[in-house]
Amino acid sequence: MCRFVTVAASHDAAGPAEGPSRGDMSVAIGRFGGFLFMSPRDIGLFLRSARTDASIARMRATDGDLAAFDAAYEGGDPWASADPRYVYQRRKYDVLASLLPPRRFARALDLGSGLGLMARRLAAHADEVVGIDISEAAVAHATTAHRDLPQLSFMQGDMMALPAVLEGSFDLLVLADTLYYLPPPLTDATLKEVALRLARLLRPGGVCLLANHYFSGADADSRLSRRIHQAFAWSPGLQVTAEHRRPFYLVTMLERPGDDAGPITRSVLGT
Ligand SMILES: C[S@@+](CC[C@H](N)C(=O)[O-])C[C@H]1O[C@@H](n2cnc3c(N)ncnc32)[C@H](O)[C@@H]1O
């Protein structure tokens, strides 16, 4: 779940984050808002995630995205997100769910749903939750793991080529640690195009929760996350309602304006 070799440093939501960068082997086991967000053991999660990301990057270049993500899921839990030894990812899902507006959603979509752990959290907030992931192996794992919740379903799909029938069919869209896995190069124009397209999945009044890694802000991964969030903030199909910094991620909450706001047509070349 993390694209980083290291975890680090103290973090204060009120000021600029003093975060880690690749190669910085310091590890801070910290408190945020009075609760422990990670334990010393969590370094294992970050190391495992870095290994997974490296092997996906190698394999996608030769075998394509589908094969690369499927191979990652062969071992069952490529980012150690379900591993009970680590608290960081579990806490992160809980925090993300807690940032949702206090309303009941009719139909939620978790795009890039992986093992379905976030989708499972969403089941407490929505009548129906659909998880979509490019990896068939991930979808199979998630379907088996969450079969006790009938309102939860998973299907294979590439977020870059979703069927038009899904447009306007969700009132909650969650994108957690997924967009930076889109095929490189992720230019601003590509990100804006993606933001425009994904906004169309929402019904008017629908909510989008966007979460991505964020360390110092100056490191390459944080800069990519910032560009992703800026593309969504730019999208005329979405309005930012809140932004949250947590160790070590950034969350932007957005809303699709109501029908009277007009169609979503802005050019990706525009500002
Ligand atoms: C780091 S995992 C995050 C999983 C989940 N969102 C979570 O927070 O537990 C990234 C997921 O994105 C999926 N993914 C990558 N590219 C995708 C695409 N183009 N369309 C759909 N899913 C994709 C991967 O298969 C993987 O399950």
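The largest nonpolar core of this predicted model contains 56 residues, and A108, L109, L172, L173 and V174 have the most contacts inside it. Strand β7, spanning residues 202-214, gives the most to this core, contributing seven residues. Apart from it lies another core, of seven residues, including M38, L45, Y86 and Y88. In soluble globular proteins, nonpolar side chains tend to be buried together.

Two residues illustrate the packing. F232 is placed in helix α7, which covers residues 220-234. F232 counts as buried because 23 C-beta neighbours lie inside 10 Å, where 20 or more are required. Between F232 and C208 the sequence separation is 24 residues, while their C-alpha atoms are 9.5 Å apart. C208 is also one of the contacts of L173. The table lists the contacts of both residues, leaving aside neighbours within four places in sequence.

| Residue | Contacts beyond four places in sequence |
|---|---|
| F232 | A195, L210, L238, T252 and L254 |
| L173 | L109, L111, L198, L201, L202, G206 and C208 |

Around the ligand there are 21 residues, of which F69, G112, G114, I134 and M159 come nearest.

As to confidence, the protein chain has an average pLDDT of 86, and 82% of the residues score at least 70.

Notes. Residues numbered from 1 in each chain as written. Predicted model: local features only at pLDDT ≥ 70, side-chain atom pairs only at ≥ 80, totals over all residues. Near = placed C-beta within 6 Å. Helix = DSSP H or I, 4+ residues; strand = E, 2+ residues; numbered from the N terminus. Buried ≥ 20, exposed ≤ 12 C-beta atoms within 10 Å, placed from the backbone. Contact = placed C-beta atoms within 7 Å. pLDDT = per-residue confidence, 0-100. Core = buried A, V, L, I, M, F, W, Y, C linked by C-beta atoms within 7 Å.
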